[in-house]
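Take a look at the fold below before reading on.

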Amino acid sequence: MAFFTKKQLSEKEHLYKINLINSLSGYKSANLIGSISNEGIENVAVFSSVTHLGSSPPLFGFVLRPTTVPRNTYKNIKETGVFTLNHIHEDIIDDAHHTSAKYPEDISEFKMTNLEAEYKDNFKAPFVKKSPIQLAMKYVEEYEIKANGVLLIVGEIQSVYIADHLLQEDGFVNLSKGKVATINGLNGYAIPNLKTRQKYQRPKK
Ligand SMILES: Cc1cc2nc3c(=O)[nH]c(=O)nc-3n(C[C@H](O)[C@H](O)[C@H](O)COP(=O)(O)O)c2cc1C
């Protein structure tokens, strides 16, 4: 097996290092965060760090890179208090990935890709049209990770839209049926196939 110590990792060339480290946490969620500025400029960007923080209240978090350079998603969320999470699916992978390009604040990634903004039920932030799972989120709080200056942004689900064919009777959402993507590393996208659902486990007698 390949083996690296912390010191060897730190001495690797930058791109090699970030490719490697970003692959090591396993498959990650693939979301587009939709937001809008107070001036009405829409923004959409790919994030692979969205994760479940709790169900009651329904909280999700995502990791935001240090705000030492302009972060349009962050600025918009702080201005308006809201954002959307939109799962990336097979048909939009190329455009979703392109949203990581550094466009200035006044240029919307919706204009530079074929992704379409959609507004629903008077929610201020734009959703990504045709995304099979769309979540309206309210900003709750943030934590600075002091070790490296990234922020954990915490948001609460306000409402959820799920394509009918994904939602099963017991509440399970079958992401495979929606051809929802997962992210490997910094630029790998896969469409997983659900293999099994396991029963709730109790200790063996
Ligand atoms: C696959 C992938 C995953 C990413 N995940 C994150 C993430 O979790 N957090 C983050 O701050 N940036 C992440 N980025 C970088 C943002 O997409 C990028 O900084 C983008 O320009 C942010 O747009 P904004 O300035 O309009 O908010 C990711 C980029 C890629 C390609």
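A nonpolar core is a set of buried Ala, Val, Leu, Ile, Met, Phe, Trp, Tyr and Cys residues joined through C-beta atoms within 7 Å. A residue is buried if 20 or more other C-beta atoms lie within 10 Å of its own. Keep in mind that this is a predicted model.

**The core**

The largest nonpolar core holds 32 residues. Within this core, Leu 32, Ile 33 and Val 44 touch the most other members. Several elements supply at least two residues each: strand 2 (31–36), strand 3, strand 5, helix 3, strand 6 (82–87), strand 8 (127–128) and strand 9 (133–145).

Which residues does Ile 33 touch, not counting those up to four places away in sequence? They are Val 44, Ala 45, Phe 47, Thr 73, Phe 83, Thr 84 and Leu 85.

**Overall build**

The protein has five helices and 12 strands. The C-alpha trace spans about 50 × 50 × 30 Å along its principal axes. Of the 205 residues, 27% count as buried. Take the contacts between residues at least 6 apart in sequence: 61% of them join residues at least 24 apart.

**Helix 3**

Four residues of helix 3 are buried: Asn 72, Tyr 74, Asn 76 and Ile 77. The buried residues of this helix pack against strand 2, strand 3, strand 5, strand 6, strand 9 and strand 10 (150–162). After helix 3 comes Gly 81, with a positive phi near 80 degrees.

**Around the ligand**

The shell around the ligand has 19 residues. Ala 45, Ser 49, Asn 72, Thr 73 and Ser 100 come nearest. Strand 3 (42–47), strand 5 (59–64) and helix 3 (72–80) each give two or more residues to this shell. Strand 3 has the largest share, with four residues. By class, the shell counts eight nonpolar, eight polar and three charged residues.

Some names come back here. Asn 72 is among the residues nearest the ligand, and Asn 72 is also buried in helix 3. Ala 45 is another of the nearest, and Ala 45 is touched by Ile 33.

**Strands side by side**

| Pair | Direction | Bridges |
|---|---|---|
| Strand 5 and strand 10 | antiparallel | six bridges |
| Strand 9 and strand 10 | antiparallel | 12 bridges |

Individual residues show how the strands line up. Val 63 stands opposite Leu 152 in strand 10. Glu 142 has Ile 153 of strand 10 as its bridge partner. Strand 9 and strand 10 form a hairpin, with four residues between them. In that turn, Gly 149 has a positive phi of about 80 degrees.

**Two loop residues**

Lys 124 lies in the loop between strand 7 (117–118) and strand 8. It has 16 C-beta neighbours inside 10 Å, so it counts as partly exposed. Beyond four places in sequence, Lys 124 is in contact with Ile 36, Thr 80 and Val 82. Lys 124 and Ile 36 are 88 residues apart in sequence, yet 7.6 Å apart in space, C-alpha to C-alpha.

Is Asn 187 buried or exposed? It is exposed, because 10 other C-beta atoms lie within 10 Å, and the cut-off for exposed is 12 or fewer. Asn 187 sits in the loop between strand 11 (182–184) and strand 12 (188–190). Asn 187 and Asn 22 are 165 residues apart in sequence and 9.4 Å apart in space, C-alpha to C-alpha.

How values were computed: Residues are numbered from 1 along each chain as its sequence is written. This is a predicted model: local features need pLDDT of at least 70, side-chain atom pairs count only at pLDDT 80 or more; totals for chains, interfaces and linings use all residues. A residue is near a molecule or strand if its C-beta atom, placed from the backbone, lies within 6 Å of it. Ala, Val, Leu, Ile, Met, Phe, Trp, Tyr, Cys and Pro count as nonpolar, Asp, Glu, Lys and Arg as charged, and the others, Gly among them, as polar. Two residues are in contact if their C-beta atoms, placed from the backbone, lie within 7 Å. Two strands pair if DSSP finds at least two bridges between them.
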